[in-house]
Amino acid sequence: MTSSSTASGLKRNRGILLLIAGLFGLPILVAWLLTSGWVEMGGRGQLNHGVFIQPALDLEKLPLAPGSQVLRELPPADWAMLYVGAGSCDDLCVRTLHILATVRSVIGNELTRVSVFGLLASASTPPVAQAPLPRLLTDPATVLAIDAALRARGGSVALPRIVFLDWRGQLMMSFAPDSPPADIKQDLKRLLKASAIR
C-alpha cells in the first residue's frame, strides 16, 4: 500500500468520523437552541420580555392595607397582573387595565388562574370606560413600598408599572405600561405553565 493511498484512507476515515459526530451533535445543538429561547426570541438568547424583579419582592414584608388583603389570598398556582400607579386611575390606568383584561381573556383555559387589579396610591373616580374595569385597590403605603423596591432593584424603574404577582405573594416581573400585549401574554403563559399544579 502506497503512502498516497494511506493518506487518502485516513482522510476518508476522518470524514466519516466527522459525519457521524455531526449526525449526533447537530440534534443536540438544535435542541439546546430551542430550549434556551435563542430561536424563539430571534437570536437574542432570552426567554422573557419583562424585567425579573431580583430578588422577588415579598408582599408579606410590605405594609399592606386591609383593602389590599385580596392580593395575599390568591389560590395555589394562581397569578395576578397588577397595574401599580403612583396616583389615581387616569386615562393610562384605564387603557392599561383594559389591555391586561384582554390579555387575561386570550390566554386560553388558564384564564381562571389569573386576576387583574389596579393598585393605586389614591382613590378617585376613574375616567368613563367603555367596559367595566378590573377591581381597583387603594393602598398608598404599599404602592410607595413597591415603588421604592423597584427603584432599588432596577435603577431607573419608576411607576406606573405592570407587575406579575404569584400566589405566594411574590412580585416576580414588571413591565412598562406601554409594553406590547403579546409580550405580556407570552411571559404570563410561560409562568402559568411553569407553575401549574399537576
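Strand 2 and strand 5 (residues 161-166) pair in the antiparallel sense over six bridges. Two strands count as paired if DSSP finds at least two bridges between them. This is a predicted model, where local features need pLDDT of at least 70, side-chain atom pairs count only at pLDDT 80 or more, and totals for chains, interfaces and linings use all residues. Residues are numbered from 1 along each chain as its sequence is written, and side-chain values use heavy atoms, with hydrogens and water left out.

- Six strands form an open sheet with mixed pairing, in the order 1-6-5-2-3-4.
- Strand 1 (51-58) and strand 4 are the edge strands, and each pairs on one side only.
- From one strand to the next, the twist averages 30°.
- Strands (E, at least two residues) and helices (H or I, at least four) are DSSP runs, numbered from the N terminus.

- Strand 2 (residues 79-85) is largely enclosed by the rest of the structure, because seven of its seven residues are buried.
- Buried means under 20% relative accessible area, exposed over 50%, and partly exposed in between (1.4 Å probe, protein chains only).
- In a regular strand, side chains alternate between the two faces of the sheet.
- Both faces of strand 2 are covered: Trp 79, Met 81, Tyr 83 and Gly 85 are buried on one side, and Ala 80, Leu 82 and Val 84 on the other.
- In strand 5, Arg 161 is the bridge partner of Val 84, and Ile 162 stands opposite Tyr 83.
- Strand 2 also pairs with strand 3 (residues 114-120), in the parallel sense over seven bridges.
- There, Trp 79 stands opposite Val 114.

**Nonpolar cores**
- A nonpolar core is a set of buried Ala, Val, Leu, Ile, Met, Phe, Trp, Tyr and Cys residues joined through side-chain atoms within 4.5 Å.
- The largest has 24 residues; Leu 71, Leu 82, Val 84, Ile 146, Leu 165 and Leu 171 have the most contacts inside it.
- Strand 1, strand 2, strand 3, helix 3 (140-154) and strand 5 each give two or more residues to this core.
- Helix 3 gives the most, with five residues.
- Another core lies apart from it, with 22 residues, among them Trp 79, Leu 97, Leu 188 and Leu 191.

- Ala 123 is found in the loop between strand 3 and strand 4 (135-138).
- Ala 123 counts as exposed because its relative accessibility is 61%.
- Ala 123 and Leu 137 are 14 residues apart in sequence and 8.1 Å apart in space, C-alpha to C-alpha.

Key
Axes fitted to C-alpha atoms, helices over the stretch in contact; angles between N-to-C directions.
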